[in-house]
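Start by looking over the sequence and the 3D structure.

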Amino acid sequence: MVTAHLDPLKSAMGKSQVISANGGAARITRMQRDTETELLKQCAQVMSRVERHKHAWIFAKKVDAKKLNIPDYYDIIKEPMDFKTIKTNLKTLYKSPLEFARHMRLVFQNCCEYNRPETDAYKMGEVVLKAFEEHWEKAGIEERLRTWQQERSAPPPKKVPSVSSVRAPPLPTPMAAAPVASETTEADDEKRRKKEEKRARKAAMRAELERIQRVKSEAEAAEAKLQEA
């Protein structure tokens, strides 16, 4: 039967679709891993620049509370952090540059939280934090990460239909042309207008003559009364 031949074909098509989908996901995962690896390498470069600061040495290793005679340090600082731990995490733990930036800021946050503002340690923490922020911004790591994430989450471009598949809209039905007045009709209208104007002028002249005659009659009557008096 025909069905017997179609079943293997459907099965093969289904497998090819699964392979295609898995291949696309694998490419995205590989691109993500490569991007994050490259950005983490840039984080290591930022780390190296910050370490060269003249005041960075106090943050190089874990705080030795016993040696520094500060037994309450780990009672106050609940999440200690130092440059040596961060460098190790860059190789083994961090998956995103934002984790690196958070731990770098945590170093200086702990410093300012434990030490009083008038102490040298507090002031050195502020200075090295400023240096880190300048190197971080100059590297542009966070901006590149944001751009890559936006590109990854952007929807695929819409398929543009081919010219042959686009049906042209129907041509509009031509409208009936308005009738054009003939020369005879225009001539008749002109004659009619002139007659109306002439009739209006005659009526105005007649009204004016009647007014003059009325004024004259009134003047003669007034003069007669004066003579009688």
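Axes are lines fitted to C-alpha atoms, for helices over the stretch in contact, and angles run from 0 to 180 degrees between N-to-C directions. Helices are DSSP runs (H or I, at least four residues), numbered from the N terminus.

## About the model

This is a predicted model, where local features need pLDDT of at least 70, side-chain atom pairs count only at pLDDT 80 or more, and totals for chains, interfaces and linings use all residues. Residues are numbered from 1 along each chain as its sequence is written, and side-chain values use heavy atoms, with hydrogens and water left out.

## Two helices side by side

Two packed helices are described by the angle between their axes and the distance between the axes. For α4 and α5, the angle is about 160 degrees and the axes lie 8 Å apart. The pair therefore counts as roughly antiparallel, the term for angles over 145 degrees.

Contact means heavy atoms within 4.5 Å. On the α4 side, the residues making the contact include F100, M104 and F108. On the α5 side, they include L129, F132 and W136.

## Helix α4 on its own

With 18 residues, α4 should span 26 Å, and its end C-alpha atoms are 26 Å apart, so the two agree.

Buried means under 20% relative accessible area, exposed over 50%, and partly exposed in between (1.4 Å probe, protein chains only). Among the buried residues of α4 are P97, H103, N110 and Y114.

## The nonpolar cores

In soluble globular proteins, nonpolar side chains tend to be buried together. A nonpolar core is a set of buried Ala, Val, Leu, Ile, Met, Phe, Trp, Tyr and Cys residues joined through side-chain atoms within 4.5 Å. The largest one here has 26 residues; F83, I86, F100, M104 and F132 touch the most other members. Helices α1, α3, α4, α5 and α6 each supply at least two residues. The largest share, 7 residues, comes from α4.

Take I86. Beyond its neighbours within four places in sequence, I86 contacts M47, M81, Y94, F100, H103, M104 and V107. A second, separate core has 5 residues, including A65, I70, Y73 and Y114.

Q42 is in helix α1, and R144 is in helix α6. Q42 counts as buried, at 15% relative accessibility. R144 is partly exposed, at 39%. Leaving out residues up to four places away in sequence, R144 touches L39, Q42 and A139.

Methods. Expected span 1.5 Å × (residues − 1). Parallel < 35°, antiparallel > 145°, perpendicular 65-115°, else oblique.
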